Amino acid sequence: METINMLQLNSYFIANKLHQKLTSTMLSKNVQQTMYIPIKSKELENRNIVDSDQLEFHYDYILKKQDRFLYKGKIKKQLKRIEEKIPDIKEFDLIHAHTLFSDGGTAYLLHQKYGLNYVVSVRSADIYAFYKYAFFHRPFIHQVLKHASAVVFISHAYKKQTFDVLPKKVVKAIEHKTKVIPNGIDDKWFETTPIQRNDSIKPIRLLFTGSLDKNKNLSTVLKLVHSLKYDDDKEIFLNVAGDGPLKKKLMTECKWLNLQEMVYFHGNVSIEKLRALADESDVFILPSYKETFGISYVEAMSRGLPIIYTRGEGIDGFFPEGVVGYSSYPDDVYDMAESIDLIQNSYTEISNNCIQESKRFNWHDIANEYRALYEAVKESGK
């Protein structure tokens, strides 16, 4: 397998271990990686570092508060620092910029100066924060997208949302080179065989995992449990794994709805504990208002749990309706209740589908997708 020598610009590397996992897995795909990671505090230096002779890390304490308002100055500053720290820039086969604004802008400048092809990933903050409010930089960002060799999204839903806000002429210019590559889940979810499930799920045990905040929308799930409490045909319980700013308020809401004996708050838990909770539950539900991908859905699927997910968000678009569960609108309790009925009617089939479909979200297969993309970009640059 031919070696690919790649420069990675990754402003998110210190914030999320998913990037560390992808970087580690790419080592087995013969990808030589040089990482440039701008940071805003010395304490963040070497966070999530991976020890390998195929990896070279450059943490750069360069980010200042004013960079949020002086975007062009920021990316030019990053360009200069990369040139100082990494003198053999022309030796790279390509660049992967892991954000559109912070990293993509710098990759575009490197492309203009050295002729290097680049891949750019688009993140939620790129569109819902920077693109939305920094409208005076939009023409420049359109050029970043147009000159990229490939544009990567982590979900079909998020790709659609991004296309909805971009000018049609920009969409037309880039749609042929876009690719959806999801995140993977930790190998620990596949270490043990999921329990055998059958169609008789009484009582129904729901599982919710995530931050207890407004976006993750546990409040609507509590209303759902309350509405089903009076259904003579259903006995229902809810496991809640996670913590967050609304925990006290949500626990009080449980008391108001008289759900204390039906809802269990477990707090933040380890992967092993979360896996055990999944094995004790029947259906996973997470009606987030906004969800870029939603790794929790796939984790639940790996244990055979059918999922109820938000329509038009996150994992929606990866599977036809009814294959691994059903989508619903985040505030529609009746829609969610109907989804539970539909899941009950084909429970074993959907559960088995979940186990099989989750296997495609392992890091080795995802790394193979990136490897194939990098090869294509490298070849196009010759």
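Predicted model: local features only at pLDDT ≥ 70, side-chain atom pairs only at ≥ 80, totals over all residues.
**Entry 1: helix H14**

I started with H14, which covers residues 363-380. I counted 18 residues in this helix. From the first C-alpha to the last, H14 reaches 26 Å. That is close to the 26 Å expected at 1.5 Å a residue.

Next I asked which residues of H14 are buried. I found Trp363, Ile366, Ala367, Tyr370, Arg371, Leu373, Tyr374, Val377 and Lys378. I then looked down the axis of H14. The buried residues fall within an arc of 165°, so they line one face of the helix.

I also checked the N-terminal end of H14. Asn362 caps this end. One of its side-chain oxygens lies 3.1 Å from the backbone nitrogen of His364.

**Entry 2: two helix pairs**

I noted how such pairs are described: by the angle between the two axes and the distance between them.

The crossing of H3 and H5 is left-handed. From H3, the contact uses Gly104, Gly105, Tyr108, His111 and Gln112. From H5, it uses Phe140, Gln143, Val144 and His147.

Then I took H11 (residues 295-302) and H13 (residues 347-358). Here the angle is about 115°, and the axes are 7 Å apart. The crossing of H11 and H13 is left-handed. Val298, Met301 and Ser302 of H11 make the contact with Cys354, Ile355, Glu357 and Ser358 of H13.

**Entry 3: His58**

I found His58 in strand S3, residues 55-61. Is His58 buried or exposed? Its relative accessibility is 13%. The cut-off for buried is under 20%, so His58 counts as buried.

I looked for a polar partner of the His58 side chain. The side chain of Glu56 makes a polar contact with it, at 2.5 Å. Leaving out residues up to four places away in sequence, His58 touches Thr34, Met35, Tyr36, Ile37, Lys85 and Ile86.

**Entry 4: Leu286**

Last, I went to Leu286 in strand S11, residues 283-286. Leu286 has 1% relative accessibility, so it counts as buried.

I compared its place in sequence and in space with that of Tyr309. Leu286 and Tyr309 are 23 residues apart in sequence. Their C-alpha atoms are 5.7 Å apart in space. Tyr309 is also one of the residues Leu286 touches, when residues up to four places away in sequence are not counted. Others I listed for Leu286 include Phe208, Thr209, Lys216 and Glu291.

Conventions
Residues numbered from 1 in each chain as written. Heavy atoms only, no water. Helix = DSSP H or I, 4+ residues; strand = E, 2+ residues; numbered from the N terminus. Expected span 1.5 Å × (residues − 1). Buried < 20%, exposed > 50% of the residue type's maximum accessible area, 1.4 Å probe, protein only. Arc of directions from axis to C-beta. Polar contact = N/O pair within 3.5 Å; in protein donor to acceptor, adjacent residues only side chain to side chain. Axes fitted to C-alpha atoms, helices over the stretch in contact; angles between N-to-C directions. Left-handed = near helix turned anticlockwise from the far one by under 90°. Contact = heavy atoms within 4.5 Å.
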